[in-house]
Amino acid sequence: MTVTNDQGRAPGDPELSELPDDVQIETEEGQKLVSLLRDDRPHARKLLEVRNLSTHFTTRDGEVHAVDDVSFELDYGETLGLVGESGCGKSVTALSLTRLVPNPPGKIVAGEIIFDGIDILKLTGNEMRLLRGKKIGFIFQDPMTSLNPTLTIGYQIAESARIHMGLSRRAALDRAAELLSKVGIPRAKDRLSDYPHQFSGGMRQRVMIAIALACDPMLLLADEPTTALDVTIQAQILELIRSLSEEFGTAVILITHDLGIAAGMCNRINVMYAGRIVETGKVDDIFEHPQMPYAWGLLDSLPRLDEEKGARLRTIEGMPPDLINPGPECRFSPRCHYARDVCRTSEPALSPREEEGHLARCFGTEPGGWIQ
Amino acid sequence: MLGYIIRRVLWIIPVLFFVSVITFVLMRATPSGPFDSFGGGRIAAPGVVAALEAKYGLNDPPHVQYLRWVGNLLQGDLGPSYKYRDRTVNDIVGEGIGTTVMLGLMAFTVAVLIGIPLGVIAALRHNGIPDYLATFVSIIGIATPSFVLAILLLVFFSVTLGWFPSQSARWWDNPSTWVLPTVALAGFPIAQIARYTRASMLEVTRKDYVRTAQSKGLRERTIVSIHMIRNALIPVVTILGPILAFLITGSFIVETIFGVPGIGRYYIVSIGQRDYGVIMAMTMLFAVAIAVLNLVVDVLYAYIDPRIRYS
Amino acid sequence: MANRSGALEAPAAATPRRSASLWGDAFRRLLKNRLAILGGIIVAFLVLVAIFGPFLTPYEYQAQDLQAVRQARGPVNPFVGPHLLGTDNLGRDLLSRLMDGARISMTVALVVQIVVLLIGVPVGAAAAWFGGRVDTLLMRITDIVYAFPDLLFIILLSVALRETAFGKALDGLLVVFVAIGLTAWVGMARLVRGQLLSLKETEFVEAAKAVGVSDFKIVTRHLLPNASGPMIVAITLGIPGAILAEATLAFIGIGAAPPRASWGSLVADGQTYLRSEPHLVIIPALAVAIALISFTFLGDGLRDALDPKLKGKQ
């Protein structure tokens, strides 16, 4: 999206032209961040490297280990699915990536998040703001509540373009109109002065996408972007995210509880359970050779066209475990039909399987395991 | 929108009709009349009472009296005062209304200018020192009835310290005369507005759109001023109308204690004296004030909340 | 909100809870709110004083200790003699009068809210349930009541009825209580209407209708109990307003017929001696303040505890 990218910038001042004037750079990582804001090239081996991330929430019953020692990587332009039941930590993982975990009660307690070569956990809050909206766009689950009801659509889209790209009010509004038509809203220019309540749910999610993409980010975090929408609208929104991310080379982390959606959208999938990644791999590998009974459960719970009419939709029995004091056992073992004693006394590591990049956390499917 | 305003204004007419009828009936329900006693407790001779009552038409059937009152009202005549017989009700109201409205508006301005920032700061520093301070101020405001606050202010600032005069006889000559009445009147609404604003801000803090704003990389100040305060003020606006109405119609106690020459202080006296004209006029004025202020608030509400569209 | 707390839902649900019911949860939250507990304790204390006060007061509230007044050459100071809080200029024991005042204030709290419930709930329920013309008519009536200047109406009514049996009941207090209630029910009517309008569309109402439950039973057995949380909060938070209104009226001499004294009239009486005997104003003013604060704390606590929007936040 480079059409208006150069409008309204001060060309003679390459140093800080994109920095909002109130941001003080205080850290070394901040210096690095400023230099990478200048262009859209990759600056590291991977766009994102998450290492041993743990995010806890303080509740009246104790510390909830919502995200527990999670590591994964993301290539430039790649689409990754984070899949799991509600409460498995996938949304908190996404919020952690932009340091938007509500604090209190939440807190990132350990780990590293390297975005484009920068350790974002070392940035100050102010420096972090340079990244949010500019390099990382966020689409939230509920478009009905995620837009400010008292501000116009145009203002809300133009807002981040104004602060991050240094656009004037008018130039930012032009860009907003362009984005709005890009996300498929007819008569975009006329609708800039409309308010969110004048849009349907699907349209609002399109607006959210426009906001997230306003500054042409390198990473788009889409947290259950279609859960609150009608099925027909869901497909349209997903297709929009897919086509726009392809067009602009934006990497996407798609958070969903629906393995079917992830399969259609993603290159790779991380299956999360109880705050941990339990299986990761290419979409095809996971669908063809799932290596973790939990993933089988998820696959089984998909409605299938080839099934007999009237067959019951399968669900995974039982509840996820208490994340306040996770025990030493495999966290899925209480719900697992294949669990043996070893599963109940120690937790398996995320270990490689046959295909490249396919890892799973299960004793039973490890080489020599008892599950075939 | 215009149509809505016109309909609301028209609706004020039947409201006023019912208010006037109820007031009229209640006034006449009392066994005694305005001339049963004169000042100093002297009982008037029956002949004199009858003559006076005949003069003012008080022997006519009630509905005739009511219609006469309405007729006069439509010509802008609020009728005679039975107590202050050298003045008409128009005189009495005309002299004091400006002062009462002014006092109410000043207290209102003070309440809004202190209450809203207090609530906002308390919410932003939730559980911090500013929050406790704001809560403390609110508690004082809620716990201190205006008559108590008025007495305490009077004793402390004008009697003990001598900073302000205690009697505001020459109301406009000296600004210091209206400081204490304004503060006494504003105490409770400051607390109310601050509490409401704080609760509303805390509610807004948890909204999804605030997180959206954060995800755009906006600075804290922008998020608070653009995304939070406006939304937080929407529910606050709904209580501003009743508060202003309360300040204008409820100022009679403060007026009495400080000797403010407004109209409020006539009210209690008039009811005791059965000074029908003053009672009717005052009730109607206050009812109009309440109705108009509520209309203003509703219009203002639509202005700050784009979701509200009246049709 | 749903999104952010989403991460906590499952673990919370998986944790064994002592009580999962709405009321149990609300009560536990209330117990965690120290201010609300404090308010509740003081309210309970005031209620006990109101009920058992007459058996506990050191003196009759109207009894005069003329000898003490003569010795003190005016109102007796507190903490010096047999009168713990001193006496007024007529030698009447302030503590006893204060305790009788608590009786008045707590009765206001009770009677006004009963009137509010008796009028507000049926009006609001009827408006919501029947809708259409009934709704319009009832809401217009609330508009009219709303437009009436509250205090002026109360004064007018109590003066108008002063000579009647009703006006004299409860030492002239009943008419004031009822008058306050007559101005205060509008809020309750609107609240009940709003709550019922949203509940009316829910499945359990459909279900109840389908099995032939009568309208009256649906409203009283199904809808109102579901709206009871906000109603309880509104009642609790309405009480300080009623106490304040009564005290204000008493201050200007409307309400309790002498020698009975409400806290408001104690403040009014004490004014004269403010400079020499400030306790005559300060003590009853403190009583009013404590009552207002306690009910407000309790009401705020109840609201926080019962408000589902705040669930999981505390």
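Reply: Two residues are in contact if their C-beta atoms, placed from the backbone, lie within 7 Å. Keep that cut-off in mind, and remember that this model is predicted.

Start with chain A. Its fold has 13 helices and twelve strands. Of its 372 residues, 48% are buried. Take the contacts in chain A between residues at least 6 apart in sequence: 66% of these join residues at least 24 apart.

Now the close look: helix α6 of chain A, residues 169-182. This helix has 14 residues. From first C-alpha to last, α6(A) reaches 20 Å, close to the 20 Å expected at 1.5 Å a residue. Its buried residues include A:Ala172, A:Leu173, A:Ala176 and A:Ala177. A:Leu179 and A:Leu180 are buried too. So are the charged residues A:Asp174, A:Arg175 and A:Lys182. What do the buried residues of α6(A) pack against? Three helices of chain A: α5 (153-165), α7 (188-191) and α8 (201-212). After α6(A) comes A:Gly184, with a positive phi near 85 degrees.

Next, compare a helix in chain C. Helix α7(C) covers residues 150-160, and eleven of its eleven residues are buried, so the helix is largely enclosed by the rest of the structure. C:Asp150, C:Phe153 and C:Ser158 are among those buried residues. C:Ile154 and C:Ile155 are also buried.

Those two isoleucines turn up again in the largest nonpolar core, which has 167 residues. C:Ile154, C:Ile155, C:Val112 and B:Ala150 have the most contacts inside this core. Helix α5 of chain C, residues 94-130, gives the most to the core, with 17 residues. Leaving aside residues up to four places away in sequence, C:Val112 touches C:Phe177, C:Ile180, C:Gly181, C:Ala184 and C:Ala242.

Last, the meeting of chains B and C. Here 32 residues of chain B are in contact with 31 residues of chain C. On the chain B side, helices that each supply at least two residues include α5 (129-143), α6 (146-160) and α12 (276-304). Helix α1(B) gives the most to that side, with six residues. By class, the chain B side has 24 nonpolar, six polar and two charged residues.

Methods. Residues are numbered from 1 along each chain as its sequence is written. Chains are lettered from A and ligands numbered from 1 in the order in which they are written. This is a predicted model: local features need pLDDT of at least 70, side-chain atom pairs count only at pLDDT 80 or more; totals for chains, interfaces and linings use all residues. A residue is buried if 20 or more other C-beta atoms lie within 10 Å of its own, exposed if 12 or fewer, and partly exposed in between; C-beta atoms are placed from the backbone. Helices (H or I, at least four residues) and strands (E, at least two) are DSSP runs, numbered from the N terminus. A nonpolar core is a set of buried Ala, Val, Leu, Ile, Met, Phe, Trp, Tyr and Cys residues joined through C-beta atoms within 7 Å. The expected span of a helix is 1.5 Å times one less than its number of residues.
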